[in-house]
Structure formats: C-alpha cells, structure tokens
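Subject: Structure handover

Hello,

Here is the structure I promised to pass on. Please open it first, then read the notes below it.

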Amino acid sequence: MADFHQEGVVTTLHALYEAFDRDEYLGNLETKLKEYSRHMKMSLLLPCLYSELQNRQVLDPIMDEIAGVDYLHSIVVALGSADHDQFVEARKYFDRLRAPGRDVRVIWIDGPGVQEVLGRIREKEISTGVAGKGQSVWLALGYILGNDQAEVIALHDCDIVTYDRLLLGRLIEPVANPNNDFEFCKGYYARISPVERAMKGRVTRLFVVPFVDAMRKIMRERGFTELENFFGYHRSFNYPLAGEFSFTSYLARGLNIAYDWGLEVSTLSEVYSKVITKKIAQVDLARNYEHKHQEMSEGDAFRGLHRMVVDIGKFYLNYMRSHGFALDDAIVDMILHTYYQNALHFIKSYSDDAEVNDLLYDRYQEERAANFFRGFLWTAWEQSKGPHESTQIPSWNRVLYSMPDIYEHLIHVVNRDNSEEGQG
C-alpha cells in the first residue's frame, strides 16, 4: 500500500483503499461515478491496433471488465493498421461493449473516409502527423468533441495484462468528481514482472526520470527559472510515460497531440502550458501493471526503446531551445554526461529497493541500458539540429478555425463506416 506523502507541484492520489476491502471500495467508487454520470457525460477512448485483437487472452478480459461498468456514455475505439475485413471483424468484436444509453463507435483509421478527412486537412497545410497512436488518439478526440459526447474523457491502452475495472474507475473519478476541480489526471503504477521478479519500465526509470531530474538542477544553476519549473513539473510525476490519463473535453479541444513516441511527455507539457498545477493530479491505478515490452534495438534508431528515447529526447531538446536555452555540441555533451552520472545514482537506489523487496536486479544490465540511452540522446541531438517540422498535430480548435465543417465530415464518415450499409 502506498503512503500519503505529497511531493512536487501536482496532487498525488494514493492507493489508500488497499487498507480495507477492495470489493466494497469498488462498489462505492462505481456508485459515485454512476451518480456523477447523471450530470456529466463520460467517454472512454481506446487506441487499438488490429494485431491486439489477435491477442484475445489479454483483450477479452479487458472488454469483459469494461462491459461491466454502467457510468460511461460512449466508448470510441481508434483502430489502426486494419484493412476492410479486419475493421468489420473489429466492429463486431467491440459490439460487446454496447449497452442501453451507451454508444460504441470504432474509427477505421486506415479507411478511405477517415483518410479523406485527413487529406482535406492537409490541403490547408495543417499537419496531421503520421500513422500511429498519436494520430489515432487525435482523430478519436475529434469525433468525441464534434459529437459533444463527453465532458470527461478517459484514455487507456488495450494491452494491459493486469487490467480490471478498478483501474478505469480510479482513472476517471478525479476529473469526473465535481468536488475536486481537476482538469487532468495522469495514471501511475508499479511495473514489476511477477514472472521475472524484476522491475520493468526501463525508459521511465533509467532515462526520463534521471534526465528531467538532472535538467532541473542544470536550469536552476544557470538561472533559467521557467525551464527549472518545467522540469520540476515533469519530475513530479511518478510514471510520466504511463499511457493512461483523463481530462475534460474543454482541455482536450486545445491540446496539440504528438504523433511519435514523445506523445506522453508532450501531453504533459501541453497540459502544463494550459492548466494551473493545482488542477492537475496523478492517481495510483493498480498494485502492478503488465503490458508488452519493447526491445532495446540498440542498432536501429527507428525501432524499440532506441526510437522511444530518441523521440522523447528530441522533444525535450526542442522544448529547451524554443524557450531560450541555446544548445550546441559542447552543452549537449555536458548534458549527456550529467544525465548518465545521475542515472547511476538512481540505479544504486533501484538496486537497494530491489534487494529489500527480494527482486532480481542486474546492475550491470541497468548501467548498460543507461549507457545506451546516453548514446541515444546524442542521436536525438543530431536529428534535432536546425529547423525541423513539429511532431505535434495542431489542436482541434486550430483545425476548426480553418475548417468549420470538419467535425461534421469526420462524424459522417465514422458513422457511415459503423452502419450496416457501410460494411459492403
């Protein structure tokens, strides 16, 4: 069970319910959410690849849990990497989530209708990014916002091995609760493999946390107060790369969405620029969290953890430059070495934590991973030099300004795809 310690600039909502009966707690939580749903609409957004439909051992239990809740007004699945027949299969599969008073839609990202919408937007010289989770989330948000389907939107992935509906309830409650006044809530959790008895989440533990911690100190020493506060904000999050969060639809309308592996840190940064910190929270979602693991891919900068670190590194480096912190090879070289030394301090702490909890911990492999990440950060710098296109898709407010009818177009093609007539 977590403690009740508050640290950083955002409110932390701990798993204190673990001190008493879980089922009783879940019942009380869902009763509250059902009451809130009488006054506000809640929507669940599920980005999903067609390949994840093939892993029914993981996906079926997630769907069964979601089907059991009664406070959602709509569920929108953003289906990527699917042809027509696969979309039809997915549409039939997700019909199990339909219930009285709850709409279910599957957005066929690769379908001709949605691609036509994207083409129209690009004609206005507005970036729509590239295919991937970020673009899928952005399109699903457009459908939800255009339909005025929700005041509160929750998002989580479809590959959570340890999923149960308590996670969903805790994810959405902080923003749905009218007494809290939160506009954005980020999920966090432990990442421990029960099979390997080892810590997971390498990019968070060994790159993002040591990096933002080091950058906060560098910015303080150099008098860049704004950037010190920015990195301090990121340091406040227990798991900044978690893919689960909830937010108000009002906030969603104004968010730019990254379409690369920088999606999560970019979203945190967008929220930072638009919401005062007392309206931001993070919530402990689960005792443990398991999903698919990425390979290191040290020899290929376009795959696995290599690409993830490069994309995240590019985001942070570009953010620093755009906020007045000039970078050159010498300064980035200093940042690399400062990060790496800080990572070694964290690795010592992780090792001690693992020891007292009877976990396996290979310090050699952890230090080796941090060394790789240091090199990947230099790759990020090489790729980010000079003028580059942003990896963010403009907010729906921005698109709507140039294309007042775009919501209607998107809603039309999604509804057509989801109708029986659209399956021919």
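Start with D148, which counts as partly exposed because its relative accessibility is 43%. Keep in mind that this is a predicted model. D148 sits in the loop between α6 and β5 (152-155). Its phi is near 50 degrees, a positive value in a residue other than glycine.

S81 is another residue to look at. Its phi is near 55 degrees, again positive in a residue other than glycine. S81 belongs to the loop that runs between β3 (74-80) and α4 (84-94). Is S81 buried or exposed? S81 is exposed, since its relative accessible area is 53% and the cut-off for exposed is over 50%.

Now the helix packing.

Two packed helices are described by the angle between their axes and the distance between the axes. Take α5 (residues 112-123) and α16 (residues 406-418). They pack at an angle of about 165 degrees. Their axes are 8 Å apart. So α5 is roughly antiparallel to α16, as angles over 145 degrees count that way. The crossing of α5 past α16 is right-handed.

Which residues make this contact? From α5 come G113, V114, E116, V117, R120 and I121. From α16 come I406, H409, L410, V413 and R416. By class, the residues of the contact of α5 with α16 are six nonpolar, two polar and three charged.

α5 also meets α6 (residues 133-146). Here the axes come within 12 Å and cross at roughly 95 degrees. That makes α5 roughly perpendicular to α6, because the angle falls in the range of 65 to 115 degrees. On the α5 side, the contact involves V114, L118 and I121. On the α6 side, Q135, W138 and L139 take part. The contact of α5 with α6 has five nonpolar residues, one polar and no charged.

α12 (residues 304-322) has 19 residues. From its first C-alpha to its last, α12 reaches 27 Å, close to the 27 Å expected at 1.5 Å a residue. How many residues of α12 are buried? The count is 15 of its 19, and α12 is mostly covered.

α14 (residues 363-384) has 22 residues. At 1.5 Å a residue they should span 32 Å, and the end C-alpha atoms are 31 Å apart, which agrees. The buried residues in α14 include E366, F373, R374, W381 and S384. A369, A370, F376, L377 and A380 of α14 are buried too. What do the buried residues of α14 pack against? They pack against α8 (202-222), α12 and α13 (329-356).

Last, a link between residues apart in sequence.

K34 lies in α1 (residues 22-37). K34 is partly exposed, because its relative accessible area is 39% and the class runs between 20% and 50%. Leaving aside neighbours within four places in sequence, K34 is in contact with D70 and Y71. K34 and D70 are 36 residues apart along the chain, and their C-alpha atoms are separated by 6.7 Å.

Best wishes

How values were computed. Residues numbered from 1 in each chain as written. Predicted model: local features only at pLDDT ≥ 70, side-chain atom pairs only at ≥ 80, totals over all residues. Heavy atoms only, no water. Axes fitted to C-alpha atoms, helices over the stretch in contact; angles between N-to-C directions. Helix = DSSP H or I, 4+ residues; strand = E, 2+ residues; numbered from the N terminus. Parallel < 35°, antiparallel > 145°, perpendicular 65-115°, else oblique. Left-handed = near helix turned anticlockwise from the far one by under 90°. Contact = heavy atoms within 4.5 Å. Nonpolar A, V, L, I, M, F, W, Y, C, P; charged D, E, K, R; others polar. Expected span 1.5 Å × (residues − 1). Buried < 20%, exposed > 50% of the residue type's maximum accessible area, 1.4 Å probe, protein only.
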